[in-house]
Amino acid sequence: MAFVKDPCGIVCVLITYMTVLHADYVVTHWIILQTMPNSLWAPFHVVAFNTIVFLLAMAHLKAVLLDPGTVPLPQIRIDFSDLHSEKNYGHEREEWTMCTRCETYRPPRAHHCRICKRCIRRMDHHCPWINNCVGERNQKYFLQFLMYVCALAVYSIVLIVISWMYPCEDCHADVSQAQTRMMHSVLLLLESVLFGLFVVAIMVDQMHAILYDETAVEAVQQKGPYRIHRPKMALLAEVCGRGHPMLWMLPCTSLNRKHHDVPLLSHDV
Ligand SMILES: [Zn+2]
Ligand SMILES: [Zn+2]
């Protein structure tokens, strides 16, 4: 479990929860209960909307709290005097690099994050919205978080449009209530459009990074795709785990793969 003490990240996480809670409050209190009180659709929408909120919170918490793939520090201090004799490491180690800030060797595709102050395996980027790096072990939950935010935004927009198209006849008796409802609806509409478009843009970026086997860090470094061509499903399974693709969208399943968290000993390098 990891929690990064970054003020910007903590503020962004709080904004995320406040926005989701506001959306839940407006949809259940001002839209569903006020505009369709006698309809059977009301309980259906309350349950469906809150299920998405629950899944979103679960995926987000996992992305925030799980270790993104921190490269363990060596138990014994590494001697960096052989810095210029890399040919000694053997062929299989040639893609391992050194991090002078962590004072350790790191596996291929690991990069140092200045905010987490550690090297992260297959680091994509540091995301303030999860106050954590997006790396090998939490990218799946980050993608789920984006997907559920998108679903919640679309659902909110649909419910707002329905409430405007089919206004409840009994609900207009109190003018001030109608005005408050309209104000909340417009605010939620703006939030949904803004966050919805934002997460779609990040989601497209993430899917491109996964399917073309090139993280955001590698794209900046212009190293080109990392490995030889592999099937798209294999690349997706590397991020989402070996389970059935239908389970990839659920934040309750684990990645189900072995981890390489054994601390590096001096003789390992
Ligand atoms: Zn490092
Ligand atoms: Zn980071």
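What share of the contacts in the protein chain with a separation of 6 or more comes from residues 24 or more positions apart? The figure is 69%. That comes from a predicted model, so treat everything below as a reading of that model.

**The overall layout**

Let's start with the parts list. The protein chain has six helices and six strands, and along the sequence they run α-α-β-β-β-β-β-β-α-α-α-α.

**What sits in the core**

The largest nonpolar core is built from 46 residues. Among the residues with the most contacts inside it are Leu56, Ala63, Phe142 and Phe145, along with Leu146, Tyr148 and Val149. Several elements give two or more residues to this core: the helices α1 (7-35), α2 (41-65), α3 (139-165) and α4 (175-211), plus the strands β4 (118-120) and β6 (132-134). Helix α3 supplies the largest share, with 12 residues.

Tyr148, once its neighbours within four places in sequence are set aside, is in contact with Ile52, Leu55, Leu56 and Ala59. Leu146 also belongs to helix α3, but its list of partners reads quite another way: Val199, Ile202, Met203 and Gln206, again not counting residues up to four places away. Leu146 is buried because 26 other C-beta atoms lie within 10 Å, where 20 or more is what it takes to count as buried.

**Helix α1 and its kink**

Now for α1. How far apart are its end C-alpha atoms? They are 40 Å apart, and since 29 residues at 1.5 Å a residue should span 42 Å, the two values agree. Still, there is a bend along the way: α1 has a kink of about 30°, centred on Val27.

Val27 is one of the buried residues of this helix, a list that also includes Gly9, Val13, Thr16, Val20, Ala23, Val26, Trp30 and Ile31. The buried residues of α1 pack against α2, α3 and α4.

Val26 has 22 other C-beta atoms within 10 Å, so it counts as buried. Its contacts beyond four places in sequence are Ile31, His184, Ser185 and Leu188.

**Pairs brought together by the fold**

| Pair | Separation in sequence | C-alpha to C-alpha distance |
|---|---|---|
| Val26 and Leu188 | 162 residues | 7.4 Å |
| Thr180 and Trp30 | 150 residues | 8.5 Å |
| Leu146 and Val199 | 53 residues | 5.6 Å |

Thr180 in the table is a residue of helix α4. Is Thr180 buried, partly exposed or exposed? With 13 other C-beta atoms within 10 Å, Thr180 is partly exposed.

An unreviewed UniProt entry places the feature "transmembrane region" at residues 39-59, 145-166 and 186-204. Residues 145-166 are 95% helix and 0% strand, with end C-alpha atoms 31 Å apart. Residues 186-204 are 100% helix and 0% strand, and there the end C-alpha atoms are 27 Å apart.

**Two residues with positive phi**

Arg109 is not a glycine, yet it has a positive phi of about 75°. You'll find Arg109 in the loop between β2 (104-106) and β3 (111-113). Arg109 counts as buried because it has 22 C-beta neighbours inside 10 Å.

Asp213 has a positive phi as well, near 55°, and is likewise a residue other than glycine. Its loop is the one between α4 and α5 (216-221). Which class does Asp213 fall into, buried or partly exposed? Asp213 is partly exposed, since 19 other C-beta atoms lie within 10 Å, and 20 or more would be needed for a buried residue.

Conventions. Residues are numbered from 1 along each chain as its sequence is written. Chains are lettered from A and ligands numbered from 1 in the order in which they are written. This is a predicted model: local features need pLDDT of at least 70, side-chain atom pairs count only at pLDDT 80 or more; totals for chains, interfaces and linings use all residues. A nonpolar core is a set of buried Ala, Val, Leu, Ile, Met, Phe, Trp, Tyr and Cys residues joined through C-beta atoms within 7 Å. A residue is buried if 20 or more other C-beta atoms lie within 10 Å of its own, exposed if 12 or fewer, and partly exposed in between; C-beta atoms are placed from the backbone. Helices (H or I, at least four residues) and strands (E, at least two) are DSSP runs, numbered from the N terminus. Two residues are in contact if their C-beta atoms, placed from the backbone, lie within 7 Å. UniProt positions are given in the numbering used here, feature names are shortened, and annotations may be inferred rather than shown by experiment. The expected span of a helix is 1.5 Å times one less than its number of residues. The bend at a residue is the angle between axes fitted to the seven residues ending there and the seven starting there.
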